[in-house]
Each structure stands twice: as structure tokens, then as C-alpha cells.
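Sequence and structure come first.

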2 protein chains.
Amino acid sequence: MLHRRPFLPVEILADEQIDSIHLASLEVLRDVGVEVLHPEARQLLVAAGCRFDGAERIYFDPDAVEAAVATAPSVFTLHAPNPAHDVQIGDDSVVFTSVASAPNVIGNGHARRSGNRADFQNLVRLTQALNAIQIHAGYPVEPSDIHASVRHLHATHDILTLSDKAPNVYSLGAQRNDDCLEMVRIARGVSDEQLDEQPSVTTVINTNSPLRIDHPMAEGLVRYARRGQVCIVTPFTLAGAMAPISISGALVQQNAEALAGITIAQLARPGAPVVYGGFTSNVDMRSGAPAFGTPEFMQAALVGGQLARRYGLPYRSSNVCAANVLDAQAGYESVFSLWGAVMGGANIVFHGAGWMEGGLHASFEKMVLDADLISMVGRFLQPLSTEAADLAVETIREVGPGGHFFGSAQTQAGFRTAFFKPMVSDWSNHESWIEAGSPTALDHAERLVDELLDGYEAPVLDQTVRDQLEDFVAHRVAEGGVFTDF
Amino acid sequence: MLHRRPFLPVEILADEQIDSIHLASLEVLRDVGVEVLHPEARQLLVAAGCRFDGAERIYFDPDAVEAAVATAPSVFTLHAPNPAHDVQIGDDSVVFTSVASAPNVIGNGHARRSGNRADFQNLVRLTQALNAIQIHAGYPVEPSDIHASVRHLHATHDILTLSDKAPNVYSLGAQRNDDCLEMVRIARGVSDEQLDEQPSVTTVINTNSPLRIDHPMAEGLVRYARRGQVCIVTPFTLAGAMAPISISGALVQQNAEALAGITIAQLARPGAPVVYGGFTSNVDMRSGAPAFGTPEFMQAALVGGQLARRYGLPYRSSNVCAANVLDAQAGYESVFSLWGAVMGGANIVFHGAGWMEGGLHASFEKMVLDADLISMVGRFLQPLSTEAADLAVETIREVGPGGHFFGSAQTQAGFRTAFFKPMVSDWSNHESWIEAGSPTALDHAERLVDELLDGYEAPVLDQTVRDQLEDFVAHRVAEGGVFTDF
């Protein structure tokens with residue numbers, strides 16, 4: 001189901017403060033510039049009035065930036081292979097994704113290990129099985145046992161056959177981009193022309209902070225935008241490391257880099273769907289390690305939303321934590337980041353389910369626990385009815401002072417659906433809990449992972465589509481996939 | 001330090017919806033009425049135009065309720081024995097308390113056990129040691145090894161000698177109320193007249209839901225209000241048990257009961273400091289067990305704030321969870337309830353640190369972990385500077401594309417204080433974390449409890465005050481304390 005935020009996002013900065021971040025970003029873009037390591041992207045920028053230093057740096061013309069950003073849509077539909085999983089991106093909708101891009105994985109009965117295809121597939125199955133997760137965010141864990149030259153083929157094949165929710169693809173060069181788009185086109189059963197008009201995949205464009213957009217990322221901006229696909233431009237601006245130590249300074253840089261990327265996408269195709277991504281957090285200044293779900297992360301998440309709305313753009317934030325284990329820290333850092341994301345007006349919450357250890361491992365159990373957290377947030381976002389029957393004056397009259405509501409007609413009629421029923425939370429009394437073996441949330445999540453994978457049902461996939469996908473993969477694998485020099 | 005919310009609270013209901021809850025509450029008060037088991041309180045209500053049925057029930061006159069509630073102050077200062085711990089209650093300030101009233105305790109090296117004085121004293125010491133906790137909320141755990149006839153004397157003595165933050169007292173009859181106020185007067189070194197003009201203690205008035213105010217609670221409303229002390233009127237309206245199963249219905253009842261209590265306090269002394277307390281949550285309909293930190297709890301917390309502001313009253317919410325153990329559930333339920341409380345505009349967050357298992361046990365380790373959560377919320381509430389130096393355009397220029405901010409002058413100048421440094425959160429990389437023995441948040445909290453209790457320093461207390469307190473306790477104990485028939 002689509003969650004809609006029934007209240008206004010929270011504004012922690014005054015409009016003048018947002019303006020000052022905006023103006024400082026334009027100043028950075030104009031005077032410091034951004035290295036854009038992609039000739040075609042540079043040509044687009046120069047044609048729009050930006051200045052090129054002849055090497056790699058582009059000095060952005062503020063008017064050109066504002067004009068380009070203004071052509072982006074504020075809301076669009078992301079089409080899934082199964083139309084039942086189409087989602088609106090933008091406005092008051094809030095969409096949650098699976099974890100993406102972890103190199104390691106924990107859970108499903110095993111200790112921490114490098115990502116492999118079997119775990120990758122199982123995490124995709126969980127993503128499909130959990131209603132709370134609405135779209136994919138990439139590879140939930142890197143299937144590093146598949147050779148890099150053909151990994152995108154097999155991995156995208158797995159996502160499109162094990163799940164019918166909208167996929168995410170990486171931007172790792174023109175050939176891979178084209179391969180993935182072709183597979184998504186096959187899975188959706190549409191023509192090239194239809195695909196070009198219907199956003200059907202998301203891709204995350206991470207700037208190489210500070211102030212650099214590398215070749216594959218710029219390539220993705222140009223190519224996916226031209227094909228009408230969704231670029232989620234997300235600078236990874238860690239305050240104190242790749243960005244200034246002041247949160248507002250890191251936000252200036254985030255904003256400059258996001259605007260630079262969005263400008264390229266809009267110049268490649270005015271009106272292409274883009275998302276303003278915020279991923280500003282802070283480092284632990286004792287160790288240099290990135291921290292997540294911190295107060296600074298929350299502030300940045302809220303301000304990121306204010307900035308995105310200033311430009312009329314959909315906004316992406318994240319559900320993140322730095323915990324090594326599924327303990328209280330994992331719980332509180334995740335909910336703090338959901339707090340920042342949801343109250344900040346995020347339209348897509350990336351890494352919605354399964355992200356641990358600052359992204360260094362995906363967790364099966366965290367994916368289930370996060371699905372519960374997301375569902376709780378979804379329930380929280382449901383409008384509260386104040387219709388006469390729900391105000392329950394008659395019920396209160398019927399029960400009267402000193403009575404009990406268990407037996408009231410209202411309770412008997414509504415008790416099955418009245419409240420959200422979590423999967424993980426243990427509300428047993430102490431005696432029952434001891435009797436059950438004192439399970440923690442992690443124990444419950446482990447059991448649920450088993451149950452969900454046992455009960456997993458593959459989506460119905462047309463045999464023709466399945467054959468076409470397999471033929472395509474076989475053909476491209478036979479061709480050797482994509483040249484890699486590593 | 002006093003936390004101030006630098007943004008408006010979130011409104012999840014429209015003004016008309018708040019009006020409809022308000023009007024439904026007045027209808028309940030007028031037509032169903034409330035049992036008020038205290039003759040003097042009933043006399044005050046009858047004198048104000050309410051109707052008495054001759055037995056126990058009062059049918060409230062809506063105009064009388066509105067007129068009485070309007071005399072309550074919207075903001076006041078709560079004076080602590082140490083003026084450095086005075087806090088403002090109301091407006092945009094947010095104050096966090098310790099846990100209160102748990103019958104059992106866990107931690108500090110021991111498994112779950114009944115509350116006793118030694119644990120009580122150690123939790124009071126932790127409350128004093130942790131800067132995040134600003135005021136007491138009652139007995140953090142019931143010191144059940146002290147006889148009930150003299151428990152209030154010894155327990156209040158302990159709080160006033162082990163801590164100099166503002167105490168909370170229970171309302172358990174006239175004699176206990178008087179004893180506690182006298183001890184607080186001694187601790188603050190003020191006259192009776194001064195005490196009557198300076199709020200110096202809080203007391204929680206729980207209605208006996210549905211729609212009953214028992215004798216000790218009504219007694220507390222009348223007596224503490226007359227002495228200018230703070231009544232936090234908090235109906236415990238569990239939807240589906242002591243209140244309607246619909247959240248808006250439970251809120252109608254919460255509001256009716258809160259207004260009834262506040263009306264009594266204001267009739268006893270117009271202008272007496274009161275707080276509108278919200279404690280609406282839901283039960284697990286499978287077991288009847290109360291649940292906390294749920295989506296329904298969050299919605300109720302936000303609407304409770306809207307209602308309190310409608311009446312211009314300070315608002316109390318809570319940091320609660322139902323977890324049996326300090327696991328991910330304890331983390332996420334607590335942060336969900338903090339989310340509801342803080343975004344709902346709570347001025348006092350009760351059970352701010354140490355509440356577990358739906359209030360059935362206080363936890364030493366949770367108290368430390370919650371203190372960290374509270375501090376994170378406090379940091380989140382700090383206004384974000386957008387002064388030119390913090391926008392950091394010059395720093396971004398200095399570092400340039402592809403550079404690193406570790407070495408910048410801004411980072412070197414600011415790294416010590418730039419970010420919040422949690423006590424509990426473990427941001428180690430995986431290798432260091434394994435080397436450290438794979439500690440969980442619970443392990444870290446256990447260590448911190450030891451460190452904090454070892455490092456505890458008693459507040460400086462004037463010897464005369466100390467002697468007077470001890471004389472008073474000795475004298476009242478010799479008199480036999482308070483008659484108990486249990």
C-alpha cells in the first residue's frame with residue numbers, strides 16, 4: 001500500500017536560512033565549480049551557459065542551474081513489472097526500499113561473510129515477501145561470486161524473476177546501463193518508446209564528494225535521463241570528512257552537488273524524473289568512522305527535505321545505523337533516521353530494510369525487523385478518524401465510570417483490526433517470556449526469516465517473458481558481458 | 001541544560017477535529033459524568049455549577065470546566081533544591097525525567113528482583129549523575145523493603161539527600177502529602193509562604209479510568225494545588241481496556257478525565273500550576289497486555305499535544321516500551337515514543353530514562369541508554385546555525401574538488417565539539433568490535449552503570465538542612481508514620 005503523509009513536513013530552518021544555503025550552493029557551483037569527468041555532460045553544461053576550464057572543471061551558471069532544475073517533475077509514477085506494485089514518487093507519498101550495496105551479509109543462520117549470489121537471491125526473496133518493502137534499492141548484498149563482467153546480467157535477471165517490484169539498477173557504464181534497461185523492458189513487456197515515457201527503474205547517482213561527478217555517474221545521469229528513468233542524485237556528504245564539519249556547510253555542499261547532477265539530467269532531457277537525495281551525516285571524530293542515525297543526521301534529513309521542496313523535487317532520505325549487531329543501538333539509530341526522514345518529508349526512504357554497520361553488511365534479520373518498523377511508521381501515517389462512531393461517546397456512556405471496554409460492542413466489532421500487530425515486538429508478560437526462553441528481538445527476527453523464506457512465493461511471470469530474459473542473459477554472457485580490467 | 005524546541009509541534013489533526021474531540025469530552029463530562037470520591041472536591045465542583053447525583057458522580061458543567069481550565073498558567077518555573085536545576089515547564093521547553101514507580105528492577109549486576117531501598121538509592125544516584133535527566137518522576141523503583149507507613153519519609157529523604165534535582169511526590173493521602181511538602185520546604189530552605197508561591201514538586205494524578213477520580217488522587221489535586229505545587233493530571237487510557245478501542249475515542253476519554261482533574265485543581269486554587277498529561281496507548285488484543293511505543297501511542301501523543309495547546313496548558317508525554325530485555329525492541333519502542341512526545345510538543349517527558357516492560361521493571365542499563373537517547377534528542381533540538389562561517393563556502397573553496405576536510409582549518413578548530421558523542425553507541429569498525437569482544441549496547445550500558453555509580457558525587461547539602469531533614473524523619477517515624485491497614 002502507498003503511505004501518504006497526512007501532515008506537513010517539519011521545518012527546522014526558517015525560509016531565509018534555506019535561502020542562504022541555496023545561495024551559498026550557487027556560489028560554490030559558480031566559483032569553485034565541479035569536476036565533471038564526462039565530455040558529453042560537459043558539452044551539455046557549456047551549451048547551457050556554464051564555463052569549462054578546459055581540463056575537467058565546470059563553473060556552473062546559477063541561472064542555468066535554476067532553469068534546468070525547474071524543468072524536473074515534482075511527482076511521477078514509478079512503474080513496476082507488476083502494476084500492483086507501481087508507486088507514486090513525490091508529493092505526500094512515502095515509499096520504502098530494501099537495503100542496497102552491502103559488501104557483506106549476516107544472518108539466515110550464518111555469521112558475517114562476503115556477499116554471494118545465494119544470499120543475494122534470498123534477500124531479494126525477502127524483499128518480495130515483505131509487503132512493507134515497496135521497491136528495490138539495488139543489490140541488497142553484492143553477489144561477489146558472479147564475475148563483474150556479467151554480474152549485472154545475472155543479478156538483474158534474479159531480481160526480475162524472483163520479484164515483481166520495481167528494480168533499481170547501478171550506473172556502471174553505458175553497456176551495463178543498456179543491458180539493464182533492456183531486461184527491465186522485457187520484464188515489463190513494453191516497447192522502447194513506452195519505456196522512455198514510463199519511469200520503470202531507479203538508479204542512484206552518488207557524487208564523488210567533494211565536488212566531483214565521475215564518468216560512470218555522469219554517464220548514468222545523461223543516459224537514464226534520456227530514457228526517462230529515475231536518477232536519485234545523492235551526494236554522500238559526511239561532515240568532517242568529504243564535507244565541511246558544520247552541518248549547514250555539509251548541506252551547502254550536498255545541495256551544490258545535488259543541483260549539479262540534477263542540472264545534467266535535466267539538460268540531457270528536460271522533464272526527466274529525478275529525486276533530490278540527502279545523505280549528510282557526521283563522522284566519529286575520534287576514529288573517522290561514519291556515524292548514522294545521529295542528531296546531526298536527523299537535522300540534515302529535515303533540512304534536506306526543506307531544500308528539495310524549495311525546488312519542487314521529490315526527496316530521498318534513508319533508514320541507516322552504524323551498529324555491528326542487531327541490538328538496542330540498531331533499533332534506536334534506525335528509528336532516529338526514520339524520524340528524520342519521515343518528518344522531513346522524504347518520498348523515498350532508501351535502505352529502508354536490512355542496512356547495518358554503516359552499510360558494510362546487509363542483515364536478513366534487520367530486514368525483517370525494519371519491515372516491522374516501516375509498517376509501524378505506515379500505520380502512524382494513517383489518518384486518524386474523528387467520525388462520531390470513533391469518538392465513541394455512546395460507548396463511553398454504555399461502559400460508564402469504573403467499567404471495562406473489553407466487552408463493549410465497539411471493541412467486539414473492531415478488535416481484530418484496531419491496532420497494528422507487529423511481527424517482531426514481544427509483548428509477553430515476564431513469566432510467559434521466561435517460559436518462551438527469553439527471546440530477544442533478534443531471536444524473533446531469526447525465526448521470522450526462516451518462516452518468510454519457507455513461505456516465499458515467486459511472482460507469476462509470463463513464460464515468454466521468462467524465456468526472453470533468459471535468452472538475453474545467455475546471449476550477453478556469451479558475448480562476454482562487459483569488459484573489466486579488474 | 002534546558003532543551004527548547006526550535007520548531008512548531010506537528011499537528012496530525014485539523015483544528016475542527018480537535019474541536020470535535022473537545023466537544024465530545026465536554027459531552028461525556030456533562031452527560032456521563034465522573035465519579036469523584038472526595039467530598040471536598042465535590043463541594044468545589046458543585047459550588048462552580050456542576051451537578052452532584054448525591055452518591056459519587058459529578059456531572060460537569062461545560063462552562064465551569066472551560067472557565068476553570070482557563071485560569072491555569074501556560075508556563076511556570078519548577079524550583080529545585082539546587083537552583084541550577086530549576087526548569088521551565090511549558091511553552092517550547094522540553095524536560096526529561098527519570099523512570100518512576102516500577103515494582104521490579106533489573107541490572108547493576110543482578111537479575112530481575114523486587115524493588116528495594118538499595119536499588120532505589122542507586123537509581124536516584126544515577127538520576128543525579130546523568131545530566132540528561134533533569135527532574136525526578138517519583139520512586140524510580142518501589143523501595144518495598146521499607147514499611148509503607150514510613151516509606152514516603154525515608155524515600156523522600158533519600159531523594160533530597162542523594163540528589164538536588166526537583167523531586168516528585170506521590171499523592172497517597174493528606175498526611176503523606178504534608179510530610180513530603182515539609183521535607184521539600186526544608187531541602188529548599190524556604191518558608192511555607194515561599195513554597196506556596198514557588199512550584200517545587202510535581203505529583204502525578206492518575207485518574208482511575210474510566211471516569212473515576214479516587215480519594216487520594218482528588219485529595220492530591222486539592223491539597224497540592226492549594227500549596228501551589230504541580231499536578232500532572234494523567235489519565236491512563238488504554239484503548240480497548242480502560243478506554244474505547246478507537247484512538248480518537250480513547251482521546252475523548254483522556255481529555256474528559258484530564259479536564260475533570262484540572263478543573264478540580266483550578267477550583268481549589270485558580271492559577272495553580274498543572275500539566276495536561278497524555279498516556280493513551282493500546283493493548284495487545286491477543287493477550288490484553290498493554291503495548292507502548294506503538295503507532296497508536298505516537299498518534300495519541302501528537303494529538304495529546306494539540307489538545308493541551310488548545311487549552312494553553314503544559315503537556316506531559318512519556319518515553320516508554322514494553323520490552324522485557326534491553327534489545328532492539330527496547331530501542332525502537334523508546335525512540336518511537338520520544339518521536340511522538342517531542343514532535344507532539346511535550347514539555348515534560350515522563351519515564352524519560354529507565355522504563356522497561358510496560359513499567360513493570362526499572363532498568364539501570366536502560367536508564368543510561370535512555371540518557372543517551374535524551375541527549376541525542378536534546379542535540380537534535382539545538383538550532384542549526386546558518387551563519388556565514390557555518391555555511392563554510394570558504395572552506396569548500398579551500399578544499400576544492402576531490403579534497404578532504406579533515407585537514408581544513410574549520411575542522412581543526414571545531415572537531416572536539418562539532419558532533420554529539422554518545423556514551424553507548426558503538427561505532428567501531430567490525431574488526432575492532434570483534435577484538436573488543438563483540439559488545440552489545442547492553443554490555444556498554446552495564447559498564448557505564450558501574451562507572452557512573454563509582455564516579456557518583458553527592459550534592460553539596462547544608463549541614464543544617466541535612467540535620468533538619470533527619471530530625472523530621474526521625475520524629476515522624478517515631479510517631480509511626482502514616483496509618484496503614486495493609
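In what order do the four strands of the open sheet in chain A stand? The order is β9-β8-β20-β19 (chain A), with mixed pairing. β9 (110-114) and β19 (355-356) of chain A are at the edges with a single partner strand each, so one side of each has no neighbour in the sheet. Strands pair if DSSP finds at least two bridges between them. Helices (H or I, at least four residues) and strands (E, at least two) are DSSP runs, numbered from the N terminus.

This is a predicted model: local features need pLDDT of at least 70, side-chain atom pairs count only at pLDDT 80 or more, and totals for chains, interfaces and linings use all residues. Residues are numbered from 1 along each chain as its sequence is written, and chains are lettered from A and ligands numbered from 1 in the order in which they are written.

Strand β8 (residues 104-107) of chain A runs antiparallel to β9(A), joined by three bridges. Val105(A) has Arg113(A) as its bridge partner in β9(A).

Now helix α2 (residues 39-47) of chain B. A residue is buried with 20 or more other C-beta atoms within 10 Å of its own, exposed with 12 or fewer, and partly exposed in between; C-beta atoms are placed from the backbone.

| State in α2(B) | Residues |
|---|---|
| Buried | Ala41(B), Leu44(B), Leu45(B) |
| Exposed, on the face turned away from the buried side | Pro39(B), Ala47(B) |

After α2(B) comes Gly49(B), with a positive phi near 105 degrees.
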